[in-house]
Amino acid sequence: MQFPTELIARLQKAERVTALTGAGVSQESGLRTFRDSQTGLWAQYRPEDLATPEAFLRNPKLVWDWYAERRQRADTVQPNAGHYALAEMGRRFPKFTLITQNVDGLHQRAGSKDVIELHGNILRVKCFDCGRPAETWAESAPEVPRCAVCGGLLRPDVVWFGEALPRLALETAVEAARTCQFFFSIGTSGLVQPAASLAFAARNRGAVIVEINLEPTPLTERADYFLQGKSGEILPELARTLWPESKRL
Ligand code: BV8
Ligand code: ZN
């Protein structure tokens, strides 16, 4: 991909860069996005109907098993070149902040540091009642595993629809959006709030908005640059263009 020379020139001088990623960044690792239709046992459910406290209380086993399957998938797939390129950006830009809506932990496995997980992490499990994290649990027991301390049902440590985002994560993300010179929105449909408003917070403070996506989104017409294509191809090419000597891309 040929990048606009002006974008490259500006990025080479950039100090403060913030990136927000969505499920599209993990798509080339083999994880389904939320827009993709569900398959198998989950075909008849929409994610937003399963990713809620009400759904869990109504049918704990169904929701627990959906997450157990997704956790198992997240454990077996590998980070892709897009994840590694973002880790390289973290090493190269003076102040780089990575914010993710993804719960798969792939950014950390690719070497990104201090990842802001707005929606939690599917690899972590906590008690629905007392909130204590669970260290171990019977993954495929017939019953949903229970908290060793209070006996409450265990649940994935993710933010469900209708649940508040972790305060510190959200505050840090808003601050990083407001103070950056460049804001990358990568592989996200920009439909879920409040994550989707971060790009606009950055734009309102004068940041240059760069969107990377297979297709346009509600942000595209307000982005300064729309790089259309696969993030697993565009991000490494962008990093190689910025840092030709980089060996890790
Ligand atoms: C809250 C964890 C309040 C769980 C997730 C009406 C209007 C506006 C808002 C609302 C509303 N009704 C309700 C709300 C609020 C609601 C919301 O936004 N609903 C939406 C559906 C309208 N938000 C909430 O409920 C949030 N909480 O508001 O709390 C509150 C406050 C105080 C006190 C109490 C309560 C919580 C939202 C978090 C939900 N949890 N995940 C789990 O994962 O199971 S959201 C989940 O879906 C993901 O984390 C992610 O955020 C979202 C999916 O979005 P994307 O990541 O963008 O993925 P998607 O599939 O949509 O798109 C993929 C994109 O990638 C596409 O554009 C595609 O083109 C592109 N792509 C694909 N492949 C590639 C690619 N791009 C590049 N390369 C590729 N290879
Ligand atoms: Zn408990």
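## Two helices side by side

Helices H6 and H10 cross in a left-handed way; a crossing is left-handed if the near helix is turned anticlockwise from the far one by less than a right angle, and right-handed if clockwise. Helices (H or I, at least four residues) and strands (E, at least two) are DSSP runs, numbered from the N terminus. H10 spans residues 231-242, and the angle between H6 and H10 is about 30°, with their axes 7 Å apart. Here axes are lines fitted to C-alpha atoms, for helices over the stretch in contact, and angles run from 0 to 180 degrees between N-to-C directions.

Which residues of H6 make the contact? They are Ala81, Gly82, Ala85, Leu86 and Met89, and among their partners on H10 are Leu235 and Pro236. Contact means heavy atoms within 4.5 Å.

A word on the model: it is predicted, so local features need pLDDT of at least 70 and side-chain atom pairs count only at pLDDT 80 or more, while totals for chains, interfaces and linings use all residues. Residues are numbered from 1 along each chain as its sequence is written, chains are lettered from A and ligands numbered from 1 in the order in which they are written, and side-chain values use heavy atoms, leaving out hydrogens and water.

On a 1 Å grid over the protein atoms alone, a cavity is a set of points where a 1.4 Å probe fits but cannot get out, and a pocket is an open set with protein on both sides within 12 Å along at least five of seven lines; lining residues have an atom within 4 Å of a point. Grid points are joined across faces, edges and corners, and a volume is the space filled by probe spheres set on the points. There are two cavities of 30 Å³ or more.

| Space | Volume |
|---|---|
| Second largest pocket | about 270 Å³ |
| Largest cavity | about 90 Å³ |
| Second largest cavity | about 40 Å³ |

The lining of the second largest cavity includes Arg16, Lys95 and Cys180, and strand E1 gives the most to this lining, with three residues.
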